[in-house]
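Please look over the sequence and the model first.

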Amino acid sequence: MSETERTDGRRQRADQNRRRIALAMLELARAGEVAPSAEQVADAAGVGRRTVFRLFNDMEGVYREMHAVMVERISPMFAAPFAARTWREKVDELIERRARMFEEMRPMKCAADAHRHRSQFLRDEHRRLTKLQRDTLLAILPESVRADAERTSALELCFSFESWRRLRQEQRLSNRDAAAVWKRLGSALLD
């Protein structure tokens, strides 16, 4: 076996272990563990504790890898064109989409938010996600609605991840009931 093949094999194993660690962190976050220890992560990933430290010299790297896995999962939902024809139908479609995306993101985003104050990467990604949410909403609203800054801000807050998290976690609504609340709020703000 050549040196190049050995190096490629090591790199491939490192990439696989990095992904396993990120997936393990996501599963621990899904189980409610927002700050798991290196031992918990290693056990969940099926790797040694030293492997975690060797592949990730800080938590920033773990968050980057977790983020990459999450983006891979939700990008198709963000990128898909709207099937609805009218802007009001698009608002309903936006609600349904965000309910699915935010539910998928919720464990990782909650864990990331708990550590955001310590991570420039997480702060930057939070700003980027907030802007993306706003831009997506503004793109489907007619000018007559966008011209009302107060109403636009209310809609942005209504359909935000933070609103979704509150409905699902603090108010303990089901996914379906939380989406119904969003639809009712949207109707009230758009009528």
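Which side chains meet in a salt bridge at 3.5 Å, N to O? Those of Arg 30 and Glu 27 do. This is a predicted model, in which local features need pLDDT of at least 70, side-chain atom pairs count only at pLDDT 80 or more, and totals for chains, interfaces and linings use all residues. Residues are numbered from 1 along each chain as its sequence is written, and side-chain values use heavy atoms, with hydrogens and water left out.

**Salt bridges overall**
- The whole structure holds 20 salt bridges, each a side-chain nitrogen of Lys or Arg within 4 Å of a carboxyl oxygen of Asp or Glu.
- Side chains of opposite charge can pair when their charged atoms come close.

**Arg 30 and Glu 27**
- Both residues are in helix α1 (residues 3–30), three residues apart, or about one helical turn; helices are DSSP runs (H or I, at least four residues) numbered from the N terminus.
- Arg 30 is partly exposed at 35% relative accessibility, and Glu 27 is partly exposed at 43% (buried means under 20% relative accessible area, exposed over 50%, partly exposed in between, with a 1.4 Å probe and protein chains only).
- A network of salt bridges links Glu 27, Arg 30, Arg 73 and Glu 104.

**Links between helices**
- Glu 103 and Arg 168 form a salt bridge, with their closest N and O atoms 2.8 Å apart.
- Glu 103 belongs to helix α5 (residues 87–115) and Arg 168 to helix α9 (residues 161–170), so this pair ties together parts 65 residues apart in sequence.
- Both Glu 103 and Arg 168 are buried.
- In the salt bridge between Arg 134 and Glu 156, the closest N and O atoms are 2.5 Å apart.
- Arg 134 in helix α6 (residues 120–140) and Glu 156 in helix α8 (residues 149–158) are 22 residues apart, and the pair links distant parts of the chain.
- Arg 134 is partly exposed, at 31% relative accessible area.

Note on methods. Helix = DSSP H or I, 4+ residues; strand = E, 2+ residues; numbered from the N terminus.
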